[in-house]
Amino acid sequence: KLLGSSMGREGILQDVKSIAETEQVIKTKSEELVKLQEKVSAMQEEEEREKDLVDKAVSNLDAVRAGQMQNDEGECITYTEHLIKLKEQLSEATTANQQAQLKIKHFTSTIKKMEASCKNAEKEISKEKKEMEVIRW
């Protein structure tokens, strides 16, 4: 039953105005609902990310309690295994460093020999130029 239907034409106009206002309120509330749904969705995504972080932290804590740790691949290893791997890596790095230093020393020596050879060659060239100038005159 319409609100103003018993009043005639004025009642019908009143009903139309009331319906238009109600439609506007429904539109506004629908827009608010969409915004709230977007916020809820964003909050659910954030909750999932935080849940994953908490799960990882709990897993890491459990590993620490068991005397283990997680490596870069997510595998649980003991601290002793980790130290052994680190020592191996250090040894490899030390060896590579020593080899690089030997190469540097070798190349430095080679460069010095080549520089000396170049200087001798320059002296020879200079000497020959002087001799040729003497011959020309």
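The model is predicted: local features need pLDDT of at least 70, side-chain atom pairs count only at pLDDT 80 or more, and totals for chains, interfaces and linings use all residues. Residues are numbered from 1 along each chain as its sequence is written, and side-chain values use heavy atoms, without hydrogens or water.

Helix α1 spans residues 9-65, 57 residues in total. Helices are DSSP runs (H or I, at least four residues), numbered from the N terminus. From first C-alpha to last, α1 reaches 82 Å, close to the 84 Å expected at 1.5 Å a residue. That expected span is 1.5 Å times one less than the number of residues. Gly 11, Asp 15 and Ala 63 of α1 are buried. Buried means under 20% relative accessible area, exposed over 50%, partly exposed in between (1.4 Å probe, protein chains only).

The structure holds three salt bridges. Each needs a side-chain nitrogen of Lys or Arg within 4 Å of a carboxyl oxygen of Asp or Glu.

| Pair | N to O distance | Separation in α1 |
|---|---|---|
| Glu 32 – Lys 29 | 3.9 Å | three residues |
| Arg 49 – Glu 46 | 2.6 Å | three residues |
| Lys 51 – Asp 55 | 3.5 Å | four residues |

An α-helix has 3.6 residues a turn, so residues three or four places apart point the same way. Glu 32 is partly exposed at 39% relative accessible area. Arg 49 is partly exposed at 45%, and Glu 46 at 33%.

Technical notes: Helix = DSSP H or I, 4+ residues; strand = E, 2+ residues; numbered from the N terminus.
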